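Q: Could we go through this model together, starting with how its helices pack and moving on from there?

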Amino acid sequence: MAELSDDPQTLVSTDWLAAHLNDPDLRLLDASWHMPDTGRSGATEYAQQHIPGARFFDIDDISDARSELPHMAPATEKFMSRLRAMGVGDGHQVVIYDSTGLFSAARVWWLFRLMGKRDVAVLDGGLPKWLAEGRPVEDMAPVIRDRHMTTSRQNQMLRDVTQVARAAKLEDHTILDARGPGRFEGAEPEPRAGLRSGHIPGARNVHYATLLTPNGTMKSVPALQKVFADAGADLTKPVITTCGSGVTAAIINLALERIGKTDHALYDGSWSEWGMFPDLPIETGPAR
C-alpha cells in the first residue's frame, strides 16, 4: 500500500517519483522561483542541476505579460502553447518540484488545476529532499517532443480584486493569508515598494510555513486540520487564499485539497494588488 503522501493529483513522495521516474508518460517540471531580494535564479540553478528528465517551468514567463502585477495567470492559449513546446500534454502525469522544498511548486500545481488538468502533483520535500537522499541529478536538458494539450479553464478557482472585496464585505467566504505574521499584522514593511501594510479585512493568517514540517514536507492531514483550526479558519465557507503575489497562497490551496476541502480559489493579485490601492480597506494587528 502506498504511503499517505502518494496521491498523483496532489502530493507524491520522493520514493514514488524514484519508482516512476522512467515512466514514458511522466513529465517532471522544475518550477523553482525565488523572491527578487534573494539574488537567486531558478533557471540558472536548473541549468546547473535538476532531477533527470525535468523541464524548467518559468513562473514569470508563463504568465500574463499584459498585467503590471507579478506573474498573473496566463491566458489559456499561452499556457497550452508553452506547455506543448515543453513536451507536456494530454495523457501525461505531471510532477512539479522546486529547489526550496515546497514553495513555488504549489503555484504551478494550481495553474494546472486552473486549466482543468488533474493528473498533476507536487513532489513532497522537493529537490532538497531528493538530494539529501542521494538520488540522481543531471545538467542536461531533456529531448523535447511536442504533445497536444487540451484545457478546460476552471474560473471558479480564481478570484479578482472586485470579487475579493465583495467577499470581504459580505463575509460569505473565509479569506486565508499565507504571509508571515509580521506582514499580515502590518508590523513589518512589505518587500515590494509602495505597498501599504496590513491585511484584507476579516482575513485569517495561515502562514504557509505552518503547513510544512521542519524538513520542508507537507504536514499530515490531521496536522493540517489542526493548523486551520488554530488559525480560526471557518472551513464551512468557501475559501479564498492570498499572499504577497499569488505564489505561497497556492500552498494553502494544496493543503486544503489534501484535507478534502475542494471549494477554494486563489486571489491572483494578492497583496501586490490590494496593498497598492488606497481606497481598498485594510486591517492591522492580529486577525479579529
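**Helix packing, cores and sheet**

A: In this predicted model, helix 4 and helix 9 pack with their axes 8 Å apart and at an angle of about 65 degrees. Since angles of 65 to 115 degrees count as roughly perpendicular, helix 4 is therefore roughly perpendicular to helix 9.

Q: Is the crossing of helix 4 and helix 9 left-handed or right-handed?
A: The crossing of these two helices, helix 4 and helix 9, is left-handed.

Q: And which residues of helix 4 and helix 9 meet there?
A: On the helix 4 side they are Ala106, Arg107, Trp109, Trp110 and Arg113, and these meet Ala250, Ile251, Asn253, Leu254 and Glu257 in helix 9.

Q: How many residues of helix 4 are buried?
A: Ten of its ten residues are buried, and helix 4 is accordingly described as mostly covered. The buried residues include Arg107 and Arg113 as well as Trp109, Trp110 and Phe112. Just after helix 4, Gly116 takes a positive phi of about 85 degrees.

Q: Switching to the nonpolar core, how many residues are in the largest one, and which have the most contacts inside it?
A: The largest nonpolar core has 54 residues, and those with the most contacts inside it are Phe57, Leu83, Ile96, Trp110, Phe112 and Phe228. Two or more residues each come from helix 3 (76-85), strand 4 (93-97), helix 4 (105-114), strand 5 (120-123), helix 8 (221-230) and helix 9 (249-258). The largest share, eight residues, comes from helix 4.

Q: What does Phe228 touch, leaving out residues up to four places away in sequence?
A: Phe228 touches Leu176, Val206, Leu211, Ala233, Leu235, Ile252, Ala255, Leu256 and Ile259. There is also a second, separate core of 15 residues, which includes Val12, Leu17, Leu26 and Leu123.

Q: Now the sheet: what is the strand order in the open sheet of five strands?
A: The order is 6-10-9-7-8, with parallel pairing, and the edge strands are strand 6 (158-159) and strand 8, each of which pairs on one side only. Strand 6 and strand 10 (residues 264-267) are joined by two bridges in the parallel sense, and within that pair Leu158 stands opposite Leu266 in strand 10. Helix 9 packs on the sheet, where helix 9 touches strand 7, strand 9 and strand 10, and its direction makes about 175 degrees with that of strand 10.

Q: What about strand 7, which strands does it pair with?
A: Strand 7 pairs with strand 9 (residues 239-242) in the parallel sense over four bridges, and Thr174 stands opposite Val239 in strand 9. Strand 7 also pairs in the parallel sense with strand 8 (residues 204-205), over two bridges, and there Leu176 stands opposite Arg204.

Q: Are the faces of strand 7 covered or uncovered?
A: Both faces of strand 7 (residues 174-177) are covered, with Thr174 and Leu176 buried on one side and Ile175 and Asp177 buried on the other.

Q: One last topic, Gly91: where is its place, and is Gly91 buried or exposed?
A: Gly91 lies in the loop between helix 3 and strand 4. Its relative accessible area is 58%, and because the cut-off for exposed is over 50%, Gly91 counts as exposed.

Q: What is Gly91 in contact with beyond its neighbours within four places in sequence?
A: Gly91 is in contact with Asp25 and Arg147. Gly91 and Asp119 are 28 residues apart in sequence, and their C-alpha atoms are 8.4 Å apart in space.

Methods. Residues are numbered from 1 along each chain as its sequence is written. This is a predicted model: local features need pLDDT of at least 70, side-chain atom pairs count only at pLDDT 80 or more; totals for chains, interfaces and linings use all residues. Side-chain values use heavy atoms; hydrogens and water are left out. A nonpolar core is a set of buried Ala, Val, Leu, Ile, Met, Phe, Trp, Tyr and Cys residues joined through side-chain atoms within 4.5 Å. Buried means under 20% relative accessible area, exposed over 50%, partly exposed in between (1.4 Å probe, protein chains only). Contact means heavy atoms within 4.5 Å. Two strands pair if DSSP finds at least two bridges between them. Axes are lines fitted to C-alpha atoms, for helices over the stretch in contact, and angles run from 0 to 180 degrees between N-to-C directions. Angles under 35 degrees count as roughly parallel, over 145 as roughly antiparallel, 65 to 115 as roughly perpendicular and the rest as oblique. A crossing is left-handed if the near helix is turned anticlockwise from the far one by less than a right angle, and right-handed if clockwise.
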